[in-house]
Amino acid sequence: MDVHAHEPQPWRPVCRRQDLVPNSGVVALVEGVQIALFYVPRGADGEVYAIENRDPRSGANVIGRGIVGHLAGELVVASPLYKQHFRLVDGSCVQYPDQRLRAWRARLNADAVEIR
């Protein structure tokens, strides 16, 4: 049994705040994985979401180029290729429950964008 299995992962910086584009995606390479980061301005700072950049249907790394919007009250990104919608909060697909993107917790910490 892994005694560290339930310990939270440390926050890792992946880019700077000024690298983000409001209501759009940017992509960071973290340990060989492309992660699409979405900045949604709300309140004083806004929120940052981090999901896998690889579209599970096409296999192309394009999610960071998708359009951010709301669908049925949920914040989503539309894949640029097949237009399926992925929830930014957890990477699940609205139209196809069997499609899912890996998701990371993300935050703004001063000038750093961090994930875990």
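Strands are DSSP runs of E of at least two residues, numbered from the N terminus. In this predicted model, Ser92 is found in the loop that connects E7 to strand E8 (103–104).

Buried means under 20% relative accessible area. Ser92 has a relative accessibility of 7% and therefore counts as buried. The side chain of Ser92 makes a polar contact of 2.7 Å with the side chain of Asp90. When neighbours within four places in sequence are left aside, the residues in contact with Ser92 are His85, Phe86, Arg87, Gln99 and Arg100.

**Buried residues and cysteines**

| Residue | Relative accessibility | Class |
|---|---|---|
| Cys15 | 15% | buried |
| Ser92 | 7% | buried |
| Cys93 | 4% | buried |

A disulfide is a covalent bond between the sulfur atoms of two cysteines. With a cut-off of 2.5 Å between cysteine sulfur atoms, the count of disulfides is 0.

**The sheet E5-E6-E7**

An open sheet is formed by 3 strands in the order E5-E6-E7, with antiparallel pairing. Its edge strands, each pairing on one side only, are strand E5 (67–71) and strand E7 (85–87). On average, neighbouring strands of this sheet are turned by 40° against each other, direction ignored. Between E5 and strand E6 (residues 74–78) there are 5 bridges in the antiparallel sense; His70 has Leu75 in E6 as its bridge partner.

**The hairpin of E2 and E3**

Strand E2 (residues 24–30) and strand E3 (residues 33–40) run antiparallel and are joined by 7 bridges. Opposite Ser24 stands Tyr39 in E3. The hairpin has 2 residues between the strands, and Glu31 adopts a positive phi near 50° there.

In soluble globular proteins, nonpolar side chains tend to be buried together. Here the largest nonpolar core comprises 16 residues, and Val14, Leu20, Leu37, Val113 and Ile115 have the most contacts inside it. Two or more residues of this core come from each of strand E1 (12–16), E2, E3, strand E4 (47–52), strand E9 (106–109) and strand E10 (112–115). Another core, of 13 residues, lies apart from the largest one and includes Ala36, Tyr49, Ile51 and Leu101.

Beyond its neighbours within four places in sequence, Leu37 is in contact with Val14, Cys15, Leu20, Ser24, Gly25, Val26, Ala28, Tyr49, Ala50, Val113 and Ile115.

Technical notes:
Residues are numbered from 1 along each chain as its sequence is written. This is a predicted model: local features need pLDDT of at least 70, side-chain atom pairs count only at pLDDT 80 or more; totals for chains, interfaces and linings use all residues. Side-chain values use heavy atoms; hydrogens and water are left out. Two strands pair if DSSP finds at least two bridges between them. Helices (H or I, at least four residues) and strands (E, at least two) are DSSP runs, numbered from the N terminus. Buried means under 20% relative accessible area, exposed over 50%, partly exposed in between (1.4 Å probe, protein chains only). Axes are lines fitted to C-alpha atoms, for helices over the stretch in contact, and angles run from 0 to 180 degrees between N-to-C directions. A polar contact is a pair of N or O atoms within 3.5 Å; within protein, one must be able to donate a hydrogen and the other to accept it, and residues adjacent in sequence count only if both atoms are side-chain atoms. Contact means heavy atoms within 4.5 Å. A nonpolar core is a set of buried Ala, Val, Leu, Ile, Met, Phe, Trp, Tyr and Cys residues joined through side-chain atoms within 4.5 Å.
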